[in-house]
Amino acid sequence: MEKILMRGNEAVAEAAVRAGCRLYFGYPITPQNEISEYLSLRLPQVGGVFLQAESEVAAIHMVYGAAATGARVMTSSSGPGVSLMQEGLSCLAAAELPCVVVNMSRGGPGVGNIQPAQSDYFQAVKGGGHGDYRLIVLAPSTVQELVDLTYRAFYLADKYRNPVEILGDGMLGQMMEPVTFREPEFPPLPPKDWAIRGKGGGHRKWIVCLDLDPKGLEELNLKLQRKYRLLEEQEANYDTFGDPEPEILLVGFGTVGRILKSVVREGMREGLKLALFRPITLFPFPRAALFEKAKGVKGILVVEMNLGQMLEDVELAVRGKVPVFFLGHTGGVIPTVSEILEHVHGLLREEIRV
Amino acid sequence: MPRARVVINREFCKGCALCTYACPRGILVISRDFNSRGYYPVMVTDEEHCAGCGFCAQVCPDVAIAVYRE
Amino acid sequence: MKHHEILIAGFGGQGILFLGRVLAVAGMLEGHEVSWYPSYGPEMRGGTANCTVIISDEEIGATISDRPGVCIVMNEPSFFRFAPTVQPGGLLLVNTSLVRAKCEREDLEVLSVPANDLAKLYLDGAEVTNTIILGALLAWRPIVQRESAERALAECLRGKREKLYTLNLKALEVGWEFVEKGA
Amino acid sequence: MKVVFERPKTLLEKPFTYCPGCHHGLAQRLIAEVIEELDIADRTIGVGPIGCSVYIYEFIDVDFVVGAHGRAPAIATGIKRSLPDRIVFSYQGDGDIAAIGTAEIIHAANRGELITAFFVNNAVFGMTGGQMAPTTLLGQKTKTTPLGRDPQVHGFPFRLGECLSVLEGSAYIARVALTRPQFIRQAKECIRKAFLTQMEGRGFSLVEILSPCPTNWGMSPKEAVDWLEEKMIPYFPLGELKVKGCDSREAP
């Protein structure tokens, strides 16, 4: 199959179209503008709709409306824009509407800057808006994986009737790598008999994101929790690499995940026993797999482009059985292979007594 | 035989009385018996005098009135 | 095993990102793993541009390098910023038309190419210094085959920019010849 | 006997949950009647807001989507862009449409979005318990303007209809009241024209409906209706504010 050198942002846009996405609503923000620029040309070619909204707030609610009709729909943004979308995401989760949101995250807090960062982890995986809900969160680390996970995001959104966030960052959005668009085959999905399309000859339907009856609202919440548990059982996904019996397990997602691959490779050349554990789904977090993988290691080093967000999920996953260390940069600073490797040496020298 | 008929849905009526002001003949009043929701619905006092204009039904915010005419 | 980390830096308008892309596509056409990562945002709008291209035989992890093996500097600010970062023993390719400063480091291989002067001399001053530099680079160190670079140029100049293909082929030749005939 | 008036079938057979004397029920009845008369119930989708207006989805027999505060025009846009042959309307109160959702309604109108918005203006936040709304009149006492709305502090009552009329994308804008039978007849005509504007693809349409809130105004239903006529109508004049192609303030 032909390989094309493609920018991450454009690759995700093309993959969305191939996955059947026919509506996009968004608002410009760096570093993800190529997604909307690409779709503004591409969607009309396939009879779809591209609409630049007046704000991220409006964009996510346009997504809500289109999702309610049963269409495959997406938006994309970065940090501050995704913050504005939290109201709508909470509604989408409450109404159990499928959609895909891409966050090519940047340095925060505040307006921050436009360089790559992973400091939106909490926002993405812990709900983000008000209420007891979760998004399905996927963390690609290469442009190819960005493509493959975009297909998967639309599938999971429909399968679980839940918004899915693809959490990338400025680096993944801006870089080019060769990609192929292998269209995956997913099991058939149930019909969208809940979609609002006008009642036709039948009975009327409605989609709401409120329930003023406490019992009713609790019931909805319990139903959502059952769905999240099911997700944890069925969809938790991760990648491992390196020594099968490592002394130190490196844990990182997305861009950092791939940097850690270089660290493991270089460390192993130097004779270190290293391995990588890279969560691909951030929610559901691959807790059980990480717990297993952590058995027998002397320590875990979590590396993130934030100051310790996924770190908390790693600590919860290993339940205190293994010491967990952390190395982080934020604000757009990207950790380097040599720096991380040095840190690993330091740990082996001082922190972890063999 | 009355020329017109006003049918009031006592359970829908909340006794706001806006119809009593709209009626040109002044034949609607608030009744003294409350409905199951605790409101005092309107009633027609003198159906013989109803012209069947429908104003009462037009202004009723609860759409609780139907009007028929010969 | 092939593994090149190439940093290309200059100012906006010099075709820095394009040069990187041609290299990456050429690497891809030869079946290698490649990645291309640009500087973006206000930095670029402020006039400077750089990108990192990695061509490798193994899966690419980190896509930027704090110690590139090959560094191309197309103007003086880039020279001062990036020359110190080059890996010892690495290659520093300097566009001496715009960089007057001399490299003090003795642990580097330095290739000097007066790209703007060459463009003036042989190509009517056409703005193809990036491709001249590419020609020189590939003649000095065959990171990818010249034929692959030519195919990559065709690939990157499809559509509206197709008419620039011949000019770029010439530019590649000018850079190549400059090195072949003894830089 | 002939029917002078009967409850329309498109209005579901259950009692409204609104306060006595509130005109939401009346407004919803007129919308239901027009939908029925145009025979479009099978392909109409309503969008509910937040506030007292939200209950509309319980009463009109069409498909509904209800979203967050003020975002109904954006949601309606998403629906309409996905299903261009459906008739999409939003139904919003003054807090929803003229405060938190101002951006959404202005840009929907400016895009000429082929949707119809119904704007129930009762000069107060109803569901939250009677706080100042953007449309609260000068001097009007509310829970958050206990001494009356002071323009130096709170600015001026917001005329949304006029504001939207100047936009190129809006095709039909009207303001109506429901305090007397003749007003109600005119209101229904405006609602019909608004739907037709959408169905004929002429652009964005909005009908602003002045409505009493006896509970939060602290008045009897009759006092509230009188106050609306005496105080609100002079500031919010009735009539068609815009009919695409002409700029008329005549009553229909």
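**Figure 1. Area buried between chain A and chain C.** In this predicted model, chain A and chain C bury about 2,100 Å² between them, with 57% of that area on carbon and sulfur atoms. On the chain A side, the most area is lost to chain C by Leu5(A), Met176(A) and Arg265(A), which together account for 24% of what that side buries. The contact involves 27 residues of chain A and 21 residues of chain C.

Figure 2. Four salt bridges are counted between the two chains. One of the pairs joined by a salt bridge is Arg269(A) with Glu58(C), whose closest N and O atoms are 2.7 Å apart. Helix H10 (254–269) of chain A is among the elements that supply at least two residues to the side touching chain C; H10(A) gives the most, with seven residues. That side of chain A comprises twelve nonpolar, seven polar and eight charged residues.

**Figure 3. Interface of domain 1 and domain 2 within chain A.** Domain 1 spans 4–234 and domain 2 spans 240–352 of chain A, and their C-alpha centres lie 28 Å apart. Domain 1 contributes 32 residues to the contact and domain 2 contributes 26 residues. About 2,500 Å² is buried between these domains, 54% of it from carbon and sulfur atoms.

Figure 4. Arg278(A) and Glu145(A) form a salt bridge through their side chains, at 2.8 Å from N to O.

Notes. Residues numbered from 1 in each chain as written. Chains lettered and ligands numbered in written order. Predicted model: local features only at pLDDT ≥ 70, side-chain atom pairs only at ≥ 80, totals over all residues. Heavy atoms only, no water. Contact = heavy atoms within 4.5 Å. Buried area = accessible area lost by both parts, 1.4 Å probe. Helix = DSSP H or I, 4+ residues; strand = E, 2+ residues; numbered from the N terminus. Nonpolar A, V, L, I, M, F, W, Y, C, P; charged D, E, K, R; others polar. Domains from an automatic or database assignment.
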